[in-house]
Amino acid sequence: MLRLFLISCFILSASISYSQNITISGTVKSSENGEVLIGATVQDNISRRGTVTNQFGYYSFSKDTSITSLSFSYVGFQPEKVEFNILKDTVLHIQLEPLNELDEVIVESSRSEPIHESAQMGNINVPIRQIKSMPALMGEVDVLKVLQLLPGVQSGVEGASGLYVRGGSPDQNLILLDGVPVYNVSHLFGFFSLFNADALNNVELVKGGFPARYGGRLSSVIDINMKEGNMKEFHGEGGIGLVASRLTLEGPIIKDRTSFLISGRRTYIDYLAKPLISNYSDGDNLGYYFYDVNAKLNHIVNDKNRIFFSLYAGDDVGYSKSDRSHVINGETFTDKSEFGLSWGNLISALRWNHVFSNKLFGNFTASYTKYNFRLFNENDHSRVGGEEDFEDYYLADYRSGIRDYALKADFDYIPNSNNYIRFGLSNIFHQFSPGVFAGISKTDTLQNLGANQMDSQEYAAYIENDIAVTNTLKFNVGLHYSGFLVDNQHYNYLQPRLSGRYMLDEKSSIKFSFVTMAQYVHLLTNAGLGLPTDLWVPVTSNIGPQRSWQGSLGYFKSLTHGLEWSVEGYYKDMNGLIEYQDGASFLHINKNWEDLVEVGRGRSYGLEMFVQKKLGKTTGWLGYTLSKTERKFENINFNRWFPFRYDRTHDVSLTVSHKLSSKIHLSGTWVYGTGNAISFPSTIYQSTNNPEVGIAPGHVEHYESRNNFRVRDYHRLDLGVSFVKDTRWGVRTWNVSVYNAYNRMNPFFVDIGFNQQAGTKMMEQYSLFPILPSVMYGFKF
Amino acid sequence: MKKIITFAIILLCLFSCQRFFEMELPDKEPRLVVNADLRAGEPVEVFVSQSKHVMEVADFQAVDDAKVELIEDGVRSYELSLIRGEENNDPISYGSDNIEIKPGSEYQLIVSKPGLPTASATVRVPFPVEIDNVNLTTRIIDPSTRATITDFILEFEDPLEENFYEISVYYRGEMDVSWRDDPMVFEELVELEAKNPVYQKEYLIGSTNLIIDDVLFNGRKAQIDFSGVLMPELELEVTITLRSISKEYYDYVHTLALQRFNSQDPFSQPVQVYDNIVDGYGILGASASKKYVLTHFGET
């Protein structure tokens with residue numbers, strides 16, 4: 001397999017035609033804060049060929065004439081045109097001026113690479129400012145909830161931030177924060193994601209046509225980059241909301257050389273509700289909060305070297321404490337109990353950018369990631385002062401977690417304007433602790449019930465090339481080779497990737513892609529809520545990797561006024577998926593997880609339509625997905641295909657942001673989706689009577705199939721208005737938003753209940769959020 | 001500012017509560033429910049009732065106006081007649097003493113009732129498998145009470161095709177006692193526990209019989225180790241029954257037992273109970289058994 005990979009790399013490299021070229025390279029940044037502009041377009045006005053900046057704002061462009069006319073552009077920035085004659089390779093750093101509100105309406109050419117020109121398909125870049133302009137649940141802007149509004153991406157249940165991309169599960173999303181994989185991305189049981197929008201620079205979603213540089217997950221890549229910190233001036237921004245407040249500070253440590261960014265967020269429901277809870281709970285102390293901190297240091301060593309250190313730390317904590325004592329007939333009874341639930345991530349990365357030459361750029365990353373979950377219950381009862389003293393103590397402690405130690409090297413090699421080669425290597429040492437239970441009592445100690453820690457190695461190598469065959473035909477062809485060592489078992493797969501674009505005319509193109517993917521981790525979940533009890537587990541000698549192939553075909557067109565539209569069809573086939581067996585429960589903590597799951601297949605196919613307006617007073621998009629997603633397991637549903645729980649036949653999302661004036665911004669979101677599929681019995685009937693095999697007289701609850709029943713369709717309208725005012729010290733914003741504006745009772749879960757009045761059983765639907773207004777005060781200085 | 005935040009918090013508290021309301025479930029037409037286990041060499045008994053909507057009360061009555069027909073190997077047809085209870089004359093089941101269920105034969109059961117879809121099912125009766133040997137050893141597990149347990153080793157030759165078995169142990173013993181003229185009889189179906197955890201499903205714990213498949217010994221000599229408690233210090237006639245059961249019945253028992261076992265766990269995955277009745281619900285199973293009788297004195 002490795003030999004095949006090396007031969008393929010040689011063939012890929014050999015396709016490059018070498019010629020005498022002049023190379024212009026450098027970075028594109030914002031003149032306002034020195035922040036790099038990711039995905040900015042660099043276009044040669046003579047040959048009409050171009051390139052885009054990479055994740056570090058670096059570009060390299062080769063041409064065969066000395067007369068040079070280059071245009072640099074990026075959404076929200078004034079384009080820059082540079083004309084000069086050059087005789088040798090040149091370094092050219094560009095700083096683009098941000099547009100003001102008025103310019104933005106007029107200037108239409110200020111955009112990133114148009115949708116129809118890129119060879120890649122199935123990827124969407126959502127500007128952070130657009131994310132921040134949208135209505136938010138309880139005033140908290142959530143990056144992942146915005147991604148749920150894109151075609152091909154479905155949300156799970158009400159309020160949760162899980163992503164189901166083209167029929168995949170949340171574990172099949174590779175969520176990268178500054179290049180480091182993040183496992184649990186939820187706060188507050190999934191209602192908020194852990195990404196603080198104030199600290200982010202760029203968010204990109206890839207749902208098909210995966211370039212070879214990405215691997216390790218089947219369904220999507222969500223590549224999130226933190227801001228680097230303002231190199232020019234000290235600035236801050238923040239917000240005070242109903243449930244949480246946040247503050248971000250950034251600025252230069254050494255101007256134009258070293259910058260920092262630190263951003264923090266904390267909920268304070270626990271403080272606000274403390275008197276109320278204490279009153280209702282007889283003095284008990286209970287509450288819940290989450291916090292997160294993002295920090296980044298960025299140092300430009302010289303023109304060729306740059307170092308970044310980024311850190312994320314966050315925890316969710318739920319607690320309940322009670323301490324009671326009373327005296328009866330001279331005996332003192334004491335009853336102490338403490339319950340705790342906590343989970344959190346620590347993500348740290350040290351990155352070094354090095355420009356080896358004007359054609360070769362390198363990035364080296366060392367990272368450490370930790371995710372921990374703990375649930376404990378401690379009880380201490382005592383009786384003192386009577387005839388016989390008594391004490392009873394019990395601690396039940398359940399922990400799970402993952403630690404990753406990773407090293408990665410990525411290179412961009414741009415030999416000429418027709419080829420853009422990326423290649424790299426990575427290795428991750430995983431330590432999985434998939435659920436360990438310890439019980440300690442006064443008389444007994446029970447430890448390590450459940451699975452033991454599992455160590456494993458995951459490695460990958462890739463090479464890809466963006467090849468411009470002609471002005472109209474462009475390919476991205478690549479290979480991703482990855483492997484996993486666990487339990488003396490070595491899994492490895494070569495995953496070819498191909499995507500292409502053929503320009504039909506100057507404004508429209510046809511794109512296609514075929515990718516294969518492999519994934520070496522699984523997520524054990526049975527609630528779909530993104531609960532912290534979900535367990536990340538590696539492949540083992542019994543449970544193998546997940547694999548998939550996906551083919552897609554689409555038509556893309558750019559119109560005037562910053563309007564783009566596309567239609568994409570896809571088919572995805574997955575195998576090696578795991579699912580809890582019939583009757584399995586995550587309360588079965590005494591069992592090895594491998595004994596609770598089934599391994600099977602999945603398939604998803606659909607059509608996605610997307611219209612987006614990026615420029616002007618009014619921006620937003622309309623997305624529609626028509627799709628079908630199914631699963632098949634030998635011992636579930638009698639080996640017949642059944643709908644995936646989040647199979648959504650129709651999914652519509654409409655988002656609009658409108659600048660009424662420079663002081664008032666309006667926004668709205670409307671979503672509609674076919675109801676989720678759940679398992680619900682339709683019929684009951686008499687069973688046999690076989691007490692000798694444990695079957696007493698009774699009845700059978702008959703399910704037509706797994707996930708046989710559709711809950712009510714989901715739809716919701718969110719509205720928001722922001723009042724912006726310039727002040728002496730900066731800008732302040734009042735944001736008022738209404739979640740679920742027309743108070744739709746959307747299903748959260750359904751159950752069988754009993755109608756006391758009628759004396760009959762009934763089906764009950766529980767809803768979580770009715771109309772939910774919120775207000776947030778924002779500031780920026 | 002303070003007023004706004006206070007107002008907003010009150011609003012949040014008011015609106016963030018769970019709410020529920022009643023939902024309509026689509027109607028589900030009733031169907032015939034047919035439950036039968038065709039046992040080679042034993043009279044046929046078919047239980048017929050009607051299904052109900054999941055929201056109805058689980059109170060089932062036997063259907064007394066059904067036409068029940070059993071067809072053997074697609075040739076011979078028998079019509080079964082209604083059997084009523086001796087005490088209250090309530091309908092119980094449909095049966096016939098004229099039919100002899102034959103191992104290896106295929107039986108089709110057709111049940112019809114005016115106004116309901118005709119239900120049908122087909123099953124092939126497995127061949128019985130001879131027990132080669134049974135080894136019993138009784139040992140004391142608690143010296144203070146002299147409580148004993150008996151270990152069984154059951155041996156038989158498993159035929160090549162996929163097979164399923166139900167194992168049961170029954171004992172009978174007599175003891176002369178001073179206060180009775182006739183001997184006191186001790187007899188019981190023994191609660192069995194398999195030594196191999198593969199056969200000892202937690203949802204079947206408490207059942208007397210073991211239900212196993214032949215995945216671990218397909219086509220080879222099978223040796224099944226299990227244990228049970230016999231009456232101690234008494235000469236017993238112990239009957240070990242090895243019943244070859246149809247796959248349909250095996251799947252039905254396992255899935256139904258699992259559904260019952262998890263019925264109170266809200267976090268468990270739903271369990272679909274296997275059924276093989278076309279246009280109806282229930283199970284048509286079949287079995288054929290061989291017995292092995294030995295005398296055992298429960299003393300170590």
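**Close-ups of a predicted two-chain model**

Eight bridges hold strand 45 of chain A to strand 46 (residues 731-739) of chain A, and the two run antiparallel. This is a predicted model, in which local features need pLDDT of at least 70 and side-chain atom pairs count only at pLDDT 80 or more, while totals for chains, interfaces and linings use all residues. Residues are numbered from 1 along each chain as its sequence is written, with chains lettered from A and ligands numbered from 1 in the order in which they are written.

View 1. Look for Ser722(A), whose bridge partner in strand 46 of chain A is Asn735(A). Four residues lie between the strands of this hairpin, where Gly730(A) takes a positive phi near 160°. Strand 45 (residues 714-726) of chain A is also joined by 10 bridges to strand 40 (residues 664-673) of chain A, again in the antiparallel sense. Ile664(A) has Phe723(A) of strand 45 as its bridge partner.

View 2. Ser774(A) sits in strand 49 of chain A. Is this residue buried or exposed? Ser774(A) is buried, with 22 other C-beta atoms within 10 Å. For the record, a residue is called buried if 20 or more other C-beta atoms lie within 10 Å of its own, exposed if 12 or fewer, and partly exposed in between, with C-beta atoms placed from the backbone. Ala136(A) is 638 residues away from Ser774(A) in sequence, yet their C-alpha atoms are 8.5 Å apart in space.

**View 3. Chain A as a whole.** Zoom out, and chain A shows six helices and 49 strands. Of its 781 residues, 46% are buried. Two residues are in contact if their C-beta atoms, placed from the backbone, lie within 7 Å. Among contacts in chain A with a separation of 6 or more, 65% are between residues 24 or more positions apart.

**View 4. Where chain A meets chain B.** Here 51 residues of chain A are in contact with 53 residues of chain B. On the chain A side, the elements giving two or more residues are strand 42 (683-686), strand 43 (699-702), strand 48 (760-767) and strand 49 (772-780). Which of them gives the most? That is strand 48 of chain A, with eight residues. By class, this side of chain A has 25 nonpolar, 20 polar and six charged residues. The classes work like this: Ala, Val, Leu, Ile, Met, Phe, Trp, Tyr, Cys and Pro are nonpolar, Asp, Glu, Lys and Arg are charged, and the others, Gly among them, are polar.

**View 5. A strand pair that crosses between chains.** Strand 42 of chain A pairs with strand 4 (residues 52-53) of chain B over two bridges, in the antiparallel sense. Ile684(A) has Lys52(B) as its bridge partner in that strand. As for scores, the model has ipTM 0.89 and pTM 0.83.

**View 6. The two domains of chain B.** The domain assignment (bounds come from an automatic or database assignment) gives domain 1 (32-124) and domain 2 (131-272 + 287-297). Their centres, taken over C-alpha atoms, are 28 Å apart. Six residues of domain 1 of chain B are in contact with five residues of domain 2 of chain B. On the domain 1 side, strand 2 (32-39) and strand 9 (116-124) of chain B each give two or more residues. That side has three nonpolar, no polar and three charged residues.

**View 7. An open sheet in chain B.** Four strands of chain B line up in the order 10-11-16-14, with antiparallel pairing. At the edges are strand 10 (131-142) and strand 14 (193-194) of chain B, each pairing on one side only. Strand 14 of chain B is joined to strand 16 (residues 221-228) of chain B by two bridges. Ala194(B) has Phe226(B) of strand 16 as its bridge partner.

**View 8. An enclosed helix in chain B.** Helix 2 (residues 247-261) of chain B is largely enclosed by the rest of the structure, because 12 of its 15 residues are buried. Among the buried ones are Tyr249(B), Val253(B) and Leu256(B).

Note on methods: Two strands pair if DSSP finds at least two bridges between them.
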